[in-house]
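Before reading on, take a moment to look over the sequence and the model. The paragraphs below go from the whole chain to some of its parts.

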Amino acid sequence: MAQDRNADAYDFSAIEARWRDFWSERGYFQTDTSAREGTYYYLNMFPYPSGYLHVGHGRNYIIGDVITRVKIMRGLQVLNPMGWDAFGLPAENAAIENETHPWTFTKKNIETSKEQFRNWGVQFDWDREVTTCLPDYYKWTQWLFIQLYKNGLAYKKKATVNYCPTCDTVLANEQVVGGECERCGTAPEPRDLEQWFFKITDYAQRLLDDLDKLEKWPDNVVKMQENWIGRSEGAEVVFKTQTGDAIPVFTTRPDTLWGATFMVLAPEHPLVDTLATEQQRDAISSYRDQAARASEIDRLATDREKTGVFTGGYAINPASGEKIPVWIADYVLMAYGTGAIMAVPAHDERDFAFAIKFGLPIIPVIKRTDGVAKSLVFPDSVDDNFACRLDALHIEYDRRPVGDLGEGLFVTLHGDDQIDKYVELMRENLSPNNWNEIVGARWAFVFNDGVLELDSTASDRKILSRCKAIYPPIQKNRTVMEMLNGLSFYQDILFHAEYGDMMNSGDFAGTPGCKAKAAVTAWLEEQGIGKGTINFRLHDWLISRQRYWGAPIPMIHCDVCGQVPVPEDQLPVLLPETKFIGKMGLADIPGYADTTCPTCGGPAKRDTDTMDTFVDSSWYYLRFINSQSTDKIFDRGDVDHWLPVDQYVGGVEHAILHLLYARFITKALHDMGHLGFQEPFARLFTQGMVCHVAYRCANHGWLYPKDVTTDDKTCPRCGKALEISSFKMSKSKRNVVDPKEIVDFYGADTERLYTMFMGPPDRDIDWTDEGIRGAFRFLNRVWHLIVPNIERLANVGAIADPDTLDEVGVSLWRRVHRTIKKVSEDIEERFSFNTAVAAIMELFNELSPYIAGDTADAALLRQAVDSLILILSPFTPFVCEELWQRTGHEDSILDQSWPNYEAIALEEDTLEIPVQVNGKLRARITVSAAVAASANELKTAALANERIQEAVEGKQLLKAIAIPGKMVSLVIK
RNA sequence: GCGAGGGUGGCGGAAUUGGCAGACGCGCUAGCCUUAGGAGCUAGUGCCUUCGGGCGUGCGGGUUCGAAUCCCGCCCUUCGCACCA
C-alpha cells in the first residue's frame with residue numbers, strides 16, 4: 001500500500017479492516033423485539049446457501065444495509081435479520097457427489113456467506129439467525145404441518161402429479177415453469193401417487209381479494225398473483241349422456257349453451273370408458289396413450305393443430321334438447337374445471353378450430369354487436385345491373401375476381417335495415433339455380449324459392465344439401481361453416497366471442513348481452529341442471545417430496561387408527577443419519593419408517609416424504625421475532641407488534657411461489673388464532689438482476705472475460721470472433737463477478753457505492769468494469785478533499801449562519817439542505833438510490849471549490865463536511881466512519897441522528913425563470929422570489945428583458961402566460 | 001394470443017405535479033501536477049450550423065401557450081401467463 005509513502009492516501013484496505021467488526025461488536029444491529037415504540041422490520045428474502053454470493057446478490061443486501069443504517073440513525077428500533085433457506089436438492093446432490101452429509105456442505109457455505117457479508121459491511125442481527133435445516137427450526141415447520149392437518153388444510157390424496165425423473169421427486173404446479181422442471185429443465189412426467197397437499201384453494205378468494213390491500217406492492221407482482229389465482233365466474237352445467245351419466249362442465253358463457261353442438265372431455269376423463277363405443281375403443285386408447293406421452297411442451301404449443309377422437313357416445317344438450325357427440329381432445333385439461341367442456345364453436349376460437357377440423361356443426365347463438373354482415377355475390381348469380389341497385393341503396397361493395405370464375409361482388413352490410421333491404425333485393429334478382437348467403441350479423445341463405453336461416457343443426461344439414469345440389473364442387477364439406485370457411489372473404493366474421501343479444505336460443509332469444517349470463521344462470525338453477533360457480537386456476541399445493549434433505553412429514557400410518565399426527569411433544573421428527581452414496585428418500589433408509597402408533601401403541605409406519613422447501617420459507621419471517629424460543633413457534637404479542645414486515649425486499653422470481661405461499665400460511669395461522677394480522681408483508685420491493693458481459697465461442701463454449709484479451713474479442717484458442725451478450729450472472733455462463741476481487745482491488749465501500757449508483761434498483765442492469773472505477777474515484781476525491789482540511793474543521797461550531805455568508809456560501813448552504821432533503825426522500829420513500837448518490841456527488845461538486853477558495857466560512861465548512869459524511873455513510877460506512885473520527889468526532893456515525901434540513905434554506909431569494917416565445921425558449925430572467933411569485937410582475941419582468949423585446953418587437957402579443965415560480969410563455973404573431 | 005414493464009447522447013441513466021431535456025457517472029478530447037498514482041486538478045463534450053440559429057426523448061397523428069410526460073394509432077424490446085373452457 002501507498003500508506004508508507006503517502007500518509008494521506010485513501011488506504012481502503014486499512015480503513016475497512018479497522019471498522020469491519022466495529023459495528024457488530026458495539027451491537028448496533030441487535031434488536032430488542034420486546035420493544036413496542038418506533039419499531040421497523042426490514043427483511044431481505046433469505047438466501048439458499050449455495051456457496052458464495054456474487055456482486056449481483058450483493059445488490060439485495062446492500063439495499064437493506066443502506067436502509068437499515070438510515071433507520072437506525074432515525075432512532076428507530078430496527079430489526080434486520082438473516083437466515084438460510086438451507087434444505088433442498090443442491091446440497092443433497094453435492095453430498096452424493098462427495099459422499100459427505102448435506103449439512104457438511106451447507107454449513108461450510110453458510111460460513112463462507114457470512115464472511116462475505118462481513119466483508120461487505122452488511123450487518124444483521126445474527127443472534128436471530130435461522131437455518132431451516134436444523135432441528136430447532138424444522139421442529140416448527142413440522143408443528144405448522146400438524147396445525148394445518150388438524151384444521152383440515154393438509155390432506156393426502158392420490159393424484160396425477162408432475163414427477164421430475166432427473167430430480168427423482170414430484171413438483172408443485174408452481175415449480176413447473178413453461179412445461180419444464182424449474183430446477184433442472186427436464187420435462188416432468190405424469191404419475192399417479194399418494195401425496196400430501198395443502199388446501200390453498202380454500203383461500204383462493206381471500207388471496208385474491210386481499211391483493212387490493214397490498215397498495216405498496218409492485219403492480220406487476222400483484223398482477224402476476226392475480227393471473228396465477230385465475231378466478232373466472234361462470235356456471236356449472238350438467239349434461240346427461242344417453243346412458244344416463246352426468247357430465248358436469250364449467251363454462252364462463254352459460255349464455256351460449258344453445259350453441260353447444262358437441263362436448264369434449266379430457267383424454268383421461270373417467271367417463272371416457274363408459275361412453276366409448278366398441279368401434280371407437282382402439283382409436284380412443286391409442287389417442288390416450290399418445291396424449292399421455294406428449295410432453296407438456298408439445299401439449300402447450302398454442303398454434304398446434306387440434307387433435308381429438310370421437311368417443312362414439314352422445315349427450316343431450318339440456319337447453320336445446322339436441323343429441324350432441326362427445327369427443328376427447330387434449331386441448332381440454334383434466335386439471336382445470338371439471339375436465340370436460342361444452343363446445344360452442346360459434347363463439348369460442350378453440351372450439352371453432354376443432355369443429356372446422358372435424359366437421360362438427362357450428363350454430364351461432366349470439367348476435368354480433370357491430371351489425372356487420374358480408375355477402376359474396378358470385379359471378380352470373382345476378383344480372384349486370386345488380387351493382388347499380390346496390391349503389392342506389394348505398395351498400396358498400398368491391399368488385400374482385402372469384403377464383404377463375406369471373407368477377408364477383410364482395411358486399412359489406414351495416415345494420416339490420418340495410419341487411420333486410422339487401423335480402424329483399426337478392427330475392428328479386430337471384431338468377432335461377434343459384435343461392436346467396438349473408439353471414440355475420442345475419443345468417444341467411446337466399447334460394448330461388450325462399451330464405452333459409454342457419455339456426456339449428458337441422459337447418460345446417462338442409463342448407464348444405466341444397467347448396468351441394470346447386471354447386472357440386474363443395475361435395476366434401478360437412479357443415480355450412482366449413483363451406484363458408486373455404487372463402488377467405490368470410491374468415492374473419494365466422495366466429496366471435498363477444499357478449500351480444502342471444503338468438504337461436506328458444507325463449508331466451510332476444511335477451512340482451514348484458515343480461516344474458518345472469519338470466520341463463522338463474523334459469524339453470526330453476527331447472528336444477530346447473531348453478532352459478534366460480535372457478536380458480538389455482539390448485540392445491542403439493543408439498544410431498546421423495547428426497548432426503550427436507551423436513552420429514554410428521555405423520556404416522558397405523559393399520560388400526562389410520563393417519564395419526566406425531567404428538568407435538570415428540571417433535572421434531574429427526575432426519576435419520578445416513579451415508580450419501582446415491583439418490584434416496586426416507587423410504588430407502590432401513591428402519592426409519594418403523595415406529596409405534598401414538599394412539600394405540602401398535603406397530604405403525606412413519607410417512608417417508610419430506611416437505612417442499614417452500615414450506616420452510618413460508619413462515620420464517622415469523623420465527624425471526626423469537627428465533628431462540630424452544631417452547632413455542634413465536635410469541636404472539638411480539639409478532640403481532642412487529643409484523644406485517646415494514647419492508648420486504650427480494651427478487652421478482654419469487655413473485656408467485658414464495659409470496660403466495662407465505663400469504664396463505666399467514667392467513668391460515670390467523671384463522672387458527674395464532675396471528676392477529678392477515679398479510680405478512682406490508683411493503684414489497686423487487687430488485688432487478690445484475691447482468692454481466694458473457695463471451696461465447698462457437699467452438700469452445702463460454703469463456704471467462706479475463707481470458708478474452710484481444711481488443712477485437714476473439715477466442716484465445718481458435719481466434720474465432722466471439723458472441724458477446726449480457727446475461728444474469730451465472731457460473732455456467734462464466735460471467736460471475738466475485739465480490740472478493742472487487743473488495744480487494746477497490747474496497748467494499750466502492751462496491752457498495754457502485755452497486756447503488758448503477759441504475760434504478762428495480763431494473764436489470766449491466767455490471768461494468770468502467771463504472772466501478774467512477775465510484776472509486778469519487779471516494780478518492782472525497783478523501784482528498786476532507787483529509788487535508790481536517791485542521792480547518794477543528795473547534796468550529798457546525799451550524800452556519802446564512803446572514804454572515806457571502807453569495808457562494810449561501811448557495812452552498814442551500815445546497816446542503818436541499819441535498820439532505822433529497823437523499824432522505826430518495827432512500828426512504830422513493831427507493832431511488834442512484835439519484836440519492838448523484839445528489840451527494842452534486843453536493844461534493846459544489847463543496848469542493850468552496851473549500852479550495854480562501855473565503856470559506858468555517859462553520860459552513862464544518863456543517864457541509866459533516867452532512868456529507870453523514871448522508872454518504874449508509875452507502876459507504878467504512879470510509880465515512882474513518883472520516884467522521886478523523887474530523888474530530890468520538891462516537892460512531894450510528895450514534896448520530898440522521899440530519900434534518902431547514903425549510904428556510906430551501907426558499908431561494910432569487911430565481912432563474914425561463915421565458916418562452918411561441919413555445920421556444922428565448923431567454924432566462926433572474927428575478928427575486930417576490931417577483932417570481934406574482935404572475936403579473938413576472939410577465940412585466942419577462943417583457944422588459946432585452947432579448948424578449950427583440951423577439952416581440954413589431955409583433956402582436958396575443959397571450960402571455962406566467963406560472964409563478966416556474967416560467968413565462970408568450971404567444972406572438 | 002393475453003397481461004405488465006421499457007424504448008431519452010458513444011454508454012449507464014436523470015427530469016418526483018404537463019413547465020429550462022440530457023442531472024450524476026462512464027467514455028472521449030485538450031491541458032496541468034509529479035512523492036509517476038487503483039491517484040489528484042482544470043476545461044470541453046446531444047446532433048447540425050453559414051454562429052443568426054435550426055433539429056432533437058422509437059415512428060405517425062392529436063390536445064395544449066407549453067408534451068420525454070396526457071390521448072389515439074403503429075413499431076421494437078424485456079418479463080410473466082399461455083388450448084384455463
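Strand 25, made of residues 555-558, pairs with strand 26 in the antiparallel sense, and 4 bridges connect them. One position shows the pairing directly: Ile-556 has Val-564 of strand 26 as its bridge partner. These two strands belong to an open sheet of 4 strands, whose order is 26-25-28-27 and whose pairing is antiparallel. Strand 26 (562-565) and strand 27 (594-596) are the edge strands, each pairing on one side only. From one strand to the next, the twist averages 40 degrees. The model shown here is a predicted one.

Now consider the chain as a whole. Chain A contains 32 helices and 39 strands. Its C-alpha trace spans about 110 × 105 × 65 Å along the principal axes. Of the 973 residues in chain A, 54% are buried. The chain exposes about 42,500 Å², and carbon and sulfur atoms supply 48% of that area. Contacts can also be sorted by separation in sequence: among those in chain A between residues at least 6 apart, 71% join residues at least 24 apart.

Tyr-42 stands opposite Gln-647 in strand 30.

Where is Met-45 found? It is in the loop between strand 1 (39-44) and helix 3 (55-73). Is Met-45 buried or exposed? Its relative accessibility is 7%, so Met-45 counts as buried, the cut-off for buried being under 20%. The residues that Met-45 touches, leaving out those up to four places away in sequence, include Asn-60, Tyr-61, Tyr-648, Val-649, Gly-650, His-654 and Leu-684.

Strand 19 (residues 435-440) pairs with strand 20 in the antiparallel sense over 4 bridges, and the two form a hairpin with 3 residues between them. In this pairing, Asn-436 stands opposite Val-446 of strand 20. On to the next strand: a hairpin of 2 residues joins strand 20 to strand 21. Strand 20 and strand 21 (residues 450-453) are again antiparallel, with 4 bridges, and Phe-445 has Leu-452 in strand 21 as its bridge partner. Which way do the residues of strand 20 (residues 444-447) point? Ala-444 and Val-446 point one way, Phe-445 and Phe-447 point the other way, and all are buried.

Helix 5 (residues 102-120) has 19 residues, which at 1.5 Å a residue should span 27 Å; the C-alpha atoms at its ends are 27 Å apart, so the two values agree. Its buried residues include Pro-102, Phe-105, Asn-109, Ser-113, Gln-116 and Trp-120. Why do the buried residues of helix 5 line one face? Seen down the helix axis, they fall within an arc of 130 degrees, so they lie along one face of the helix. The general rule is that an α-helix has 3.6 residues a turn, so residues three or four places apart point the same way. Just after helix 5, Gly-121 takes a positive phi of about 75 degrees.

The same length check works for helix 24 (residues 769-786): its 18 residues should span 26 Å at 1.5 Å a residue, and its end C-alpha atoms are 27 Å apart, which agrees. Among the buried residues of helix 24 are Ile-772, Phe-776, Leu-779, Trp-783 and Ile-786.

Methods: Residues numbered from 1 in each chain as written. Chains lettered and ligands numbered in written order. Predicted model: local features only at pLDDT ≥ 70, side-chain atom pairs only at ≥ 80, totals over all residues. Heavy atoms only, no water. Pairing = 2+ DSSP bridges. Axes fitted to C-alpha atoms, helices over the stretch in contact; angles between N-to-C directions. Buried < 20%, exposed > 50% of the residue type's maximum accessible area, 1.4 Å probe, protein only. Expected span 1.5 Å × (residues − 1). Arc of directions from axis to C-beta. Contact = heavy atoms within 4.5 Å. Areas by Shrake-Rupley, 256 points an atom, 1.4 Å probe, with all protein chains shown as cover.
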